[in-house]
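This briefing looks at how a protein model holds its ligands. Please read the points below alongside the sequence and the coordinates.

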Amino acid sequence: MKPTSAYISEGQDIKIPLGCKLLYHEVELGVVISKRCSNISPSDASDYIGGFLLALDMTAKDFHIEAKEKSRPWFLCKGFDTSCPASGFIDKEKLSNYSDTRLWLKVDGVTKQNCSTSDMIFSVPEIISYVSKYFTLEVGDVILTGTPAGSGPVHAGQTIECGLADIAAMKFAVVELN
Ligand SMILES: O=C([O-])CC(=O)C(=O)O
Ligand SMILES: [Mg+2]
């Protein structure tokens with residue numbers, strides 16, 4: 001879970017959270033919900049997709065490792081301020097092939113993540129259906145669908161660039177908190 005205060009858009013910087021020594025990038029396809037829904041089947045899920053976002057699930061990996069070891073919640077390691085850099089809204093008509101679209105990420109110009117959304121373990125409709133069995137989804141809710149291989153560290157002074165096919169691309173600087 002990420003609070004809405006985690007969102008940033010291009011022009012804002014990714015800030016390393018207090019005490020974090022290992023910040024990881026995760027490029028992800030985000031799905032934007034268009035209608036309130038609960039307990040829907042995978043076959044009905046596409047009726048509830050309004051569109052998509054290109055997003056980064058920035059993760060304080062050292063906090064994440066500790067949370068996993070101690071069976072603690074992930075809210076802090078995934079939800080701190082600036083942990084969700086996001087593109088503008090991409091209408092679903094513009095991304096009809098969302099289940100086979102290239103997602104890529106570079107750090108200082110070097111490719112770190114590059115995959116097709118067809119490699120996802122669970123499809124977007126399966127993910128929406130699963131989440132909706134536990135949480136009522138509201139208009140404008142965003143579900144990040146998981147990151148491909150290659151997630152890794154970024155440091156202050158580096159630049160992350162990422163893209164979704166030729167539909168969206170964005171660039172963010174990583175900076176110290178102050
Ligand atoms: O960081 C993790 O372990 C889980 C996650 O967000 C992903 O796979 O996208
Ligand atoms: Mg993730």
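Predicted model: local features only at pLDDT ≥ 70, side-chain atom pairs only at ≥ 80, totals over all residues.

- The shell around ligand 1 consists of E26, E28, D57, H64, W74, K78, G146 and T147.
- The space that ligand 1 takes up is the largest pocket.

**Polar contacts of ligand 1**
- The side chain of K78 places an N or O atom 2.6 Å from an oxygen atom of ligand 1, while for E28 a polar side-chain atom lies 2.8 Å from an oxygen atom of the ligand.
- D57 also takes part, with an N or O atom of its side chain 2.9 Å from an oxygen atom of ligand 1.
- Of the 270 Å² of accessible area that ligand 1 has on its own, the protein covers 69%.

**The magnesium ion (ligand 2)**
- The protein donors of the magnesium ion are E26 (OE), E28 (OE) and D57 (OD), which lie 1.9 to 2.0 Å from the ion.
- Along the chain, these donors follow the spacing E-x1-E-x28-D.
- Both E26 and E28 are buried, and E26, E28 and D57 are also among the residues around ligand 1.

Note on methods. Residues numbered from 1 in each chain as written. Chains lettered and ligands numbered in written order. Heavy atoms only, no water. Near = heavy atom within 4 Å. Polar contact = N/O pair within 3.5 Å; in protein donor to acceptor, adjacent residues only side chain to side chain. Areas by Shrake-Rupley, 256 points an atom, 1.4 Å probe, with all protein chains shown as cover. 1 Å grid on protein atoms, 1.4 Å probe; cavity = no way out; pocket = protein on both sides within 12 Å on 5 of 7 lines; lining within 4 Å. Sits in = over half its atoms within 2 Å of the grid points. Donors = N, O, S within 2.8 Å, 3.2 Å for Na, K, Ca; no water. Buried < 20%, exposed > 50% of the residue type's maximum accessible area, 1.4 Å probe, protein only.
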